[in-house]
Amino acid sequence: DNNSTDNTKEAVQPFLKRGDLACKYLFVGRPGKSAALNEAVAQTSGELVGFIDDDEQMDPAWFEVVYREFTADPALDFIGGQCYPNWEAPAPDWFPQAYSGAVAIVLRPERVEFTPEWDEILMGGNAVIRRSTLQKVLPYPEQLGKIGNKILTGEDEVIHHRLLGVGARGVNVPDLVIHHWIPAERLTKSYFRKWAIGGGISIGFMLRERGFSGPSMLCIPRYIIGKAVRSLKVILLPRSQTDRF
């Protein structure tokens with residue numbers, strides 16, 4: 001319960017009373033997803049630590065897949081999987097497929113190891129990390145992640161790069177599946193713009209943490225400026241509404 005002001009505590013009470021479910025209620029007063037994760041992980045003791053978000057449903061085979069993967073490969077450090085959309089309303093015509101991460105859609109049907117060369121990261125909405133490995137890369141950066149109404153991102157990417165930095169071995173497992181609820185209120189252009197701005201701020205934090213030292217202009221990496229300039233071409237030329245947005 002990350003400093004909520006609704007009836008979260010009361011909603012959890014019936015689960016605490018069940019004898020067939022090991023459930024613990026934890027209140028974290030510091031706002032922010034990363035703060036909640038740091039406190040919650042500290043309260044756990046299992047060999048494997050699994051992560052899902054509060055607006056997701058596990059596929060019925062989720063635990064079986066986790067058991068299968070870590071039993072079959074004792075040297076495995078972490079796994080990630082797919083996040084299927086569970087739409088409240090149909091996606092609008094302008095919905096940019098290249099930015100489906102804004103609503104946490106992750107479709108990766110291939111089984112492949114996470115490496116610096118693969119342009120994908122471990123997404124915290126569907127991940128399992130071996131505790132001994134996780135302890136090497138904590139804490140989650142509390143400057144990043146959703147904080148109140150601020151849409152900041154990047155906490156997953158920071159942990160992903162730390163994992164690779166310590167030599168951890170991870171695999172994308174296609175049948176490790178969750179279903180992510182996408183409310184209609186997030187299917188607006190204003191939400192996507194807000195997400196993009198938060199993402200830009202988060203990139204700055206991540207580059208500083210990783211000691212970026214490449215060419216820059218006005219303290220902005222030159223490759224990001226180049227990307228912005230190239231994007232103008234898409235806006236100015238006749239393209240589809242989706243491409244232009």
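## A walk through an aromatic cluster

Start by selecting Trp87, Trp94, Phe95, Tyr191, Phe192 and Phe245, which form one aromatic cluster. Keep in mind that this is a predicted model, where local features need pLDDT of at least 70, side-chain atom pairs count only at pLDDT 80 or more, and totals for chains, interfaces and linings use all residues. Numbering runs from 1 along each chain as its sequence is written, and side-chain values use heavy atoms, with hydrogens and water left out.

The structure holds 12 aromatic pairs (rings of Phe, Tyr and Trp, the last by its six-membered ring, with centres within 6.5 Å; planes under 30 degrees apart are stacked, over 60 edge-to-face, the rest tilted). Zoom in on Trp87 and Phe95: their ring centres sit 5.7 Å apart with planes at 85°, so this pair is edge-to-face. Trp87 is partly exposed at 31% relative accessible area, while Phe95 is buried at 3% (buried is under 20%, exposed over 50%, partly exposed in between, using a 1.4 Å probe and protein chains only).

Next, pick Phe192 and Phe245. Their ring centres are 6.3 Å apart and the planes meet at 65°, so that's edge-to-face too. Phe192 lies in helix 6 (residues 189-209) and Phe245 in the segment after helix 8 (241-244), so the pair ties together parts 53 residues apart in sequence. Helices here are DSSP runs of H or I with at least four residues, numbered from the N terminus. Phe192 is buried, at 4%; Phe245 is partly exposed, at 29%.

Last stop: Ser231, in helix 7 (residues 222-236). Ser231 is partly exposed at 36% relative accessibility.

Key:
Helix = DSSP H or I, 4+ residues; strand = E, 2+ residues; numbered from the N terminus.
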